[in-house]
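User: Could you walk me through this model, please? I'd like to go from local details to the overall picture.

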Amino acid sequence: PIRRKRPNNFKTHHPRGIYGCTALPLMPQSFDMRRLTPIFLLLSLLLPLARPALAQGWEAGYANGRMIGIDPYIKVTRGGPVHSFEGAYIFTPRATADGYDAAYGYPHFRFGLQVVDLSRIRLKDPDFRPLAAPSRLGTSVLLFAAFERPLLRTPQGWSLDYTLTQGVSLNTHKWHRTRNPENEMLGSRFAIYFGAGLHVAYRRGGWEFRAGPDFLHLSNSALHRPNKGANAWLFQTSVRHYFDAASPDSLTRLQIPFTDCGFLVDVDYRLGLKTSVGEWLYDHNAERYGNPIRYGSYGLYASHGLGLGLLYRYSLKYASGLGLDLTYEPYAGRIEVQNPARPHDIGKTTIGLSLRHEARYRRLAATFALGIYLLRPLKRYALTDEEYGYYERIGLRYDFPCGLHTGFNIHAHRTKAYAGEWYVGFRFAPRKRKPIAPYQP
């Protein structure tokens with residue numbers, strides 16, 4: 001929405017505040033990372049003593065970086081560094097005859113805990129009501145799982161790999177209407193965590209030293225408001241200890257025969273859940289100009305969707321194709337869009353056409369889609385939603401042996417979450433395909 005200039009009679013300094021009540025007390029102090037850091041570091045150092053039966057090693061790491069992508073309307077009054085501490089166990093799946101591990105260069109999985117100190121970040125909107133203290137982001141505790149694929153490995157112990165990470169976070173300082181009103185980045189106590197990184201490592205016996213850049217993103221997937229998300233670039237350094245001191249051989253590019261090429265058909269039912277950014281902005285702007293708010297809390301709206309996909313699987317790891325996305329949004333006639341011209345009997349059906357791609361590892365698949373709306377009646381009237389005529393979906397799917405699958409998607413408009421989607425469906429091949437030839441290492 002268009003941001004209007006604050007009226008001249010807007011009260012900025014009043015002994016009893018802009019709402020005629022006693023001025024708010026100072027915000028409580030941020031969670032002190034110094035209390036948690038020694039405990040967390042001690043836990044990391046004690047990891048080798050636990051030595052789970054299936055773990056091949058442990059990792060302890062530290063990262064330092066900066067926030068990025070702050071909303072242009074929010075002023076960072078203090079943008080101090082972001083600190084991160086991590087401890088994790090390392091698992092290397094046992095190679096199987098299906099060839100996935102060899103195709104990915106024998107990847108690692110990491111499961112662990114990460115503490116991200118955002119307490120040095122202060123946020124303030126200079127056009128908003130006067131605050132006793134700037135808002136803050138606090139600390140986020142992340143529980144994560146990471147997929148780590150080597151790109152290069154030499155006999156001298158050097159390696160290069162990339163990492164994809166997903167998890168959930170617990171945030172100590174979420175948005176609050178009076179105590180933390182400018183923290184529009186983290187609007188809920190819990191959030192979804194996504195990370196990606198590129199690392200160089202050197203291994204000597206059972207020890208390995210690693211360094212490289214990491215990207216971190218925290219968001220509640222539009223399941224709560226506000227939801228602008230927190231992003232950060234970090235430079236991570238870490239040390240690993242492998243219980244087996246033998247170093248892996250240099251990475252070789254294996255040409256694995258794949259005989260299962262062919263078309264695949266996907267049929268999915270989707271349940272989408274979202275909150276209204278229009279409701280949030282209505283209350284936000286009402287507070288800005290000293291008017292009473294209308295909503296106060298922001299409930300979930302549910303949509304129903306049908307996804308049809310035709311993909312061609314051309315390798316063991318990858319399949320690509322087209323998708324047809326039909327979505328029914330029963331709330332389209334009543335959801336807040338701050339546009340009185342929007343009719344109540346507006347069409348509630350959306351149709352989209354998308355390019356799809358998936359990367360598989362055994363029964364897990366990372367899914368991606370980029371599409372355009374062929375029919376989107378709400379786009380013309382949704383002044384407060386991010387509507388650009390195209391959409392993205394990114395998610396994770398699990399395939400059952402019987403052909404059924406289930407997963408979770410983030411439905412986004414220009415990278416901003418529009419809804420979270422849970423889906424179930426099934427996959428079949430239009431014609432009988434050849435069996436996958438077992439991989440013989």
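User: In which sense do β5 and strand β6 pair, and over how many bridges?

Analyst: This is a predicted model, in which local features need pLDDT of at least 70 and side-chain atom pairs count only at pLDDT 80 or more, while totals for chains, interfaces and linings use all residues. Residues are numbered from 1 along each chain as its sequence is written, and side-chain values use heavy atoms, with hydrogens and water left out. β5 and β6 (residues 135–136) pair in the antiparallel sense over two bridges, where strands are DSSP runs of E with at least two residues, helices are runs of H or I with at least four, and both are numbered from the N terminus. Two strands pair if DSSP finds at least two bridges between them.

User: What stands opposite Leu 123 in β6?

Analyst: Ser 135 stands opposite Leu 123. In β5 (residues 121–124), Leu 123 points one way together with Ile 121, whereas Arg 122 and Lys 124 point the other way, and all are buried; buried means under 20% relative accessible area, exposed over 50%, and partly exposed in between, using a 1.4 Å probe and protein chains only.

User: Which residues does Asn 183 touch?

Analyst: Leaving out residues up to four places away in sequence, Asn 183 touches Leu 123, Ser 135, Arg 136, Leu 137, His 173, Lys 174, Trp 175 and Pro 226, a contact being heavy atoms within 4.5 Å. Asn 183 is in the loop between β8 and β9, and it is buried, with a relative accessible area of 0%.

User: Where does the side chain of Asn 183 reach a backbone oxygen at 2.8 Å?

Analyst: That backbone oxygen belongs to His 173, and a polar atom of the Asn 183 side chain also lies 3.3 Å from the backbone oxygen of Arg 136. A polar contact is a pair of N or O atoms within 3.5 Å; within protein, one must be able to donate a hydrogen and the other to accept it, and residues adjacent in sequence count only if both atoms are side-chain atoms. The side chain of Asn 180 reaches the backbone oxygen of Arg 136 at 3.0 Å, and Asn 180 is buried, with a relative accessible area of 3%.

User: Changing topic, which strands close into a barrel?

Analyst: Eight strands do, in the order β12-β13-β14-β15-β16-β17-β18-β19, with antiparallel pairing. Within it, β12 and β13 (residues 301–313) pair over 13 bridges, and Tyr 312 in β13 is the bridge partner of Phe 263.

User: And α3, is it mostly covered or exposed?

Analyst: α3 is mostly covered, as ten of its twelve residues are buried, among them Trp 280, Leu 281 and His 284, and the buried residues of α3 pack against β13. At the start of α3, a side-chain oxygen of Ser 276 reaches to within 3.2 Å of the backbone nitrogen of Gly 278, while Gly 290, which follows α3, has a positive phi near 75 degrees.

User: How many helices and strands are there in the protein chain, and what share of its residues count as buried?

Analyst: The protein chain has three helices and 19 strands, and 49% of its 441 residues count as buried. Among contacts with a separation of 6 or more, 69% are between residues 24 or more positions apart.
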